[in-house]
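Let's take a walk through this structure, from the whole chain down to single residues. Have the 3D view open as you read.

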Amino acid sequence: MAGIFHDFSDIVNPWAQSPPPSPAIVTALNSSGDYDDLDAYDEPLADVAVQEAPRHPAFRRRAPVMPVCSLPNTNIASPDEGLRLSNEDPVNRLPAEVFQQVLENIAYPEIIFLKGVSRSWYAFVHDYVTLTPALAFKYLDFENYELDCISADYLLSCIKKSKGSVRTIAFPTDASEDKYGSIFRSSLIFQHPSPELITYTIGAEYSGAAAITSVWGPDPQSLIRQAGPFLRSLRKVHIDDGFSASLYDWKNFGNDTASVFSRLEEFHISMRTLPHFFEFLGSLPLRLWFPNLQILECNFDKLAKTTDNQQVWPDMSSVCFSTNFVALPALRVFKLGGVPDDISRLCPMDQQCLDLAIRWMPNLEIFSCRGICVMGRGSYGYIIRRSDFRWNKKLLEFDFSYSNTTRMPAIMSTCKKLMLRNAGVFPRTLYYILGQPAGYLADPVDMRSSITREDLRHVPDDMYDGDGIALISDEYGSLEELDLSGSQSGLTNERLLDTLARCNGDKLRKISLQGCTALHYDRCILGEVKIMQPNLMYQIISMLPHLTVLKVAKNETFSDGGLRAIEHLHELEYLDIAQAPVSEFGMTRFIKLVKTANPKLETVVLTGCSCISEQTVQMVEDLGIRTTGAAELRLF
């Protein structure tokens with residue numbers, strides 16, 4: 001079988017000088033042209049490993065290696081070790097049908113690595129893969145492997161062995177340096193014979209006429225046809241940017257070539273592909289290509305050095321702006337980008353494209369936009385205005401972390417989770433919605449004069465309440481979780497309190513204010529509280545008395561006064577005060593009262609609190625309270 005490891009170099013092979021892990025990955029073609037059984041081999045693995053699949057003679061550079069987690073050693077255990085493991089081995093302790101159910105949830109080829117646990121595991125996994133291939137090849141997950149080493153013919157062999165049960169095919173969404181192989185894999189999955197899949201030939205010119213050429217490699221059309229009958233259960237696909245090559249001319253082949261589209265429920269693509277994807281969805285004649293798609297994720301290309309080739313800036317001149325067309329009627333989750341490497345270099349996205357996508361997704365529940373700068377086209381193009389997510393009446397989560405835009409988008413009052421971590425915008429407050437002087441750096445707009453002209457211009461009639469004031473003022477009334485963490489200077493005490501005034505104190509249970517350097521709580525010197533202004537922590541608690549999660553880490557003004565105020569949060573379960581200047585005296589007092597004042601408290605994150613001794617930290621742990629928390633997304 002064509003191997004997914006190309007020549008097993010030291011860069012790709014995590015086992016270094018040891019033999020390759022499994023014959024399932026490196027079995028070669030047999031004499032009949034078919035593929036040998038994944039686990040049947042007669043040759044030494046070291047000899048089989050060097051056999052490569054037929055490859056195109058054109059020069060192919062190796063793509064940079066993706067960082068992968070360490071994989072288990074697949075060397076077969078010695079007899080002594082097998083005996084030592086037998087008493088606790090799940091193969092021996094669990095019924096065979098139960099252990100098989102465990103294996104059914106493990107994707108291929110990761111399941112092959114389980115052979116290295118012991119001899120009993122090797123035998124059981126070997127029989128499972130050999131006797132029940134429809135279960136073993138149900139989920140094909142190659143996301144942790146080098147993309148260019150997964151050939152189309154190897155993919156075809158896995159699809160055929162699934163006996164038509166394959167539901168997931170996952171590749172890294174990063175760009176491939178092997179353009180031909182990338183398009184070939186995409187065409188194989190989506191059953192679309194791309195015009196770019198030309199047969200490469202070798203020849204020379206004689207007297208101005210081309211000599212007879214010799215064809216090299218398998219016929220792409222034949223392989224694509226062979227995969228068709230086995231893809232009827234496919235529901236989830238992760239594909240690289242080779243998919244975009246087929247989008248330009250897909251509509252010319254009719255609906256019969258989009259049968260895989262109509263069955264998809266989850267789709268992951270590259271940010272490079274997204275502009276072509278939007279152009280494809282909105283091109284005439286309008287068709288409902290993805291009627292059952294529920295999850296769409298567009299991720300950054302991890303191998304790209306710049307964001308120049310990841311801009312979401314489609315040619316909107318070819319897109320139909322019909323307000324009655326719903327391109328993705330079943331979509332519930334739409335995620336863009338990811339946590340950027342540098343907050344100062346965000347991926348630009350056309351706001352016109354985003355506004356159109358909102359209307360295409362009426363049943364959207366979760367929206368995530370990270371590392372994106374939503375921009376207009378200026379005075380000579382698309383007018384910069386506020387994106388309106390009130391079209392999405394079922395919206396539950398809105399994540400705009402690490403992103404920026406001119407104006408804070410309007411969200412539906414059903415939203416329960418608002419994430420603006422390191423974002424360039426802040427929640428809108430009634431202070432300027434009602435037309436008061438705009439004294440804030442972010443979003444300085446007089447809403448009183450623009451409500452009917454801008455904010456409610458495209459809102460459906462059944463959502464319009466006359467003047468729009470009540471509709472907008474209830475925007476954050478259903479929030480249960482709010483994250484405003486970051487070092488933005490615009491989030492002051494007044495701005496925060498104005499934001500919380502728009503929230504329902506009985507519903508909002510989780511708030512994160514990590515690293516908000518413009519917020520001032522109090523200062524404490526030798527246990528004596530010096531009030532700089534009305535204590536912010538008491539004001540927050542008075543508005544949000546039912547908080548269960550409070551994160552105020554990385555703020556030098558939060559000290560003993562704020563910790564004393566927290567004693568009034570009787571439902572608190574998680575407290576993060578990492579790197580805060582809380583004194584030994586203040587923490588000792590907190591420990592004495594914590595079981596009475598905060599009986600539900602389970603975690604107090606004290607990482608980086610230099611004023612607290614190790615003995616005090618140990619006292620907190622002796623009360624059954626953890627002092628380290630879950631990993632947090634970084635703050636820039």
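Here is the tour, starting with the ground rules and the overall picture.

You're looking at a predicted model, so local features are described where pLDDT is at least 70 and side-chain atom pairs count only at pLDDT 80 or more, while totals for chains, interfaces and linings use all residues. Residues are numbered from 1 along each chain as its sequence is written, and side-chain values use heavy atoms, with hydrogens and water left out.

The chain has 22 helices and 22 strands; these are DSSP runs (helices are H or I with at least four residues, strands are E with at least two), numbered from the N terminus. Of its 636 residues, 52% are buried. Buried here means under 20% relative accessible area, exposed means over 50%, and partly exposed is in between, using a 1.4 Å probe and protein chains only. Take the contacts (heavy atoms within 4.5 Å) between residues at least 6 apart in sequence: 76% of them join residues at least 24 apart.

Now for the inside. In soluble globular proteins, nonpolar side chains tend to be buried together. A nonpolar core is a set of buried Ala, Val, Leu, Ile, Met, Phe, Trp, Tyr and Cys residues joined through side-chain atoms within 4.5 Å. The largest one in this model has 141 residues, and Phe267 and Phe290 have the most contacts inside it. Leaving aside neighbours within four places in sequence, Phe290 touches Phe261, Leu264, Phe267, Phe277, Phe280, Leu281, Ala327, Leu328 and Pro329. There's also a second, separate core of five residues, with Val549, Ala553, Ala578 and Val605 among them.

Aromatic rings deserve a stop of their own. A pair of aromatic rings is described by the distance of the centres and the angle of the planes. Rings of Phe, Tyr and Trp (its six-membered ring) pair if their centres lie within 6.5 Å; planes under 30 degrees apart are stacked, over 60 edge-to-face, and the rest tilted. The structure holds 26 such pairs. Phe142 and Phe171 count as stacked because their ring centres are 5.7 Å apart and their planes sit at 15°. Phe142 lies in the loop between strand S1 (139-141) and H8, and Phe171 in the loop between strand S2 (168-170) and H9, so this pair ties together parts that are 29 residues apart in sequence. Both Phe142 and Phe171 are buried.

Phe190 and Phe267 make an edge-to-face pair, at 5.8 Å centre to centre with 75° between the planes. With Phe190 in helix H9 and Phe267 in strand S8 (residues 266-270), 77 residues apart, the pair links distant parts of the chain. Ring pairs also join Phe190, Phe243, Phe261, Phe267, Phe277, Phe280, Trp289 and Phe290 into a cluster.

Stay with helix H9 (residues 179-190), where you'll find Ser186. Ser186 counts as buried because its relative accessibility is 1%. Not counting residues up to four places away in sequence, Ser186 touches Ile239, Gly242 and Phe243.

What about helix H10 (residues 220-227)? Its buried residues include Pro220, Leu223, Ile224 and Ala227. They cover an arc of only 100° around the axis, so they're on the same side of H10; the arc is that of the directions from the helix axis to the C-beta atoms. The buried residues of H10 pack against helix H8 (152-161) and H9. Helix H14 (residues 351-360) is mostly covered, with 10 of its 10 residues buried. Its cover includes helix H13 (274-282), strand S11 (347-350), strand S12 (366-370) and strand S13 (372-375).

Finally, some backbone details. A cis peptide bond, with omega of about 10°, joins Tyr108 and Pro109. Lys163 isn't a glycine, yet has a positive phi of about 60°; Lys163 is in the loop between H8 and S2.
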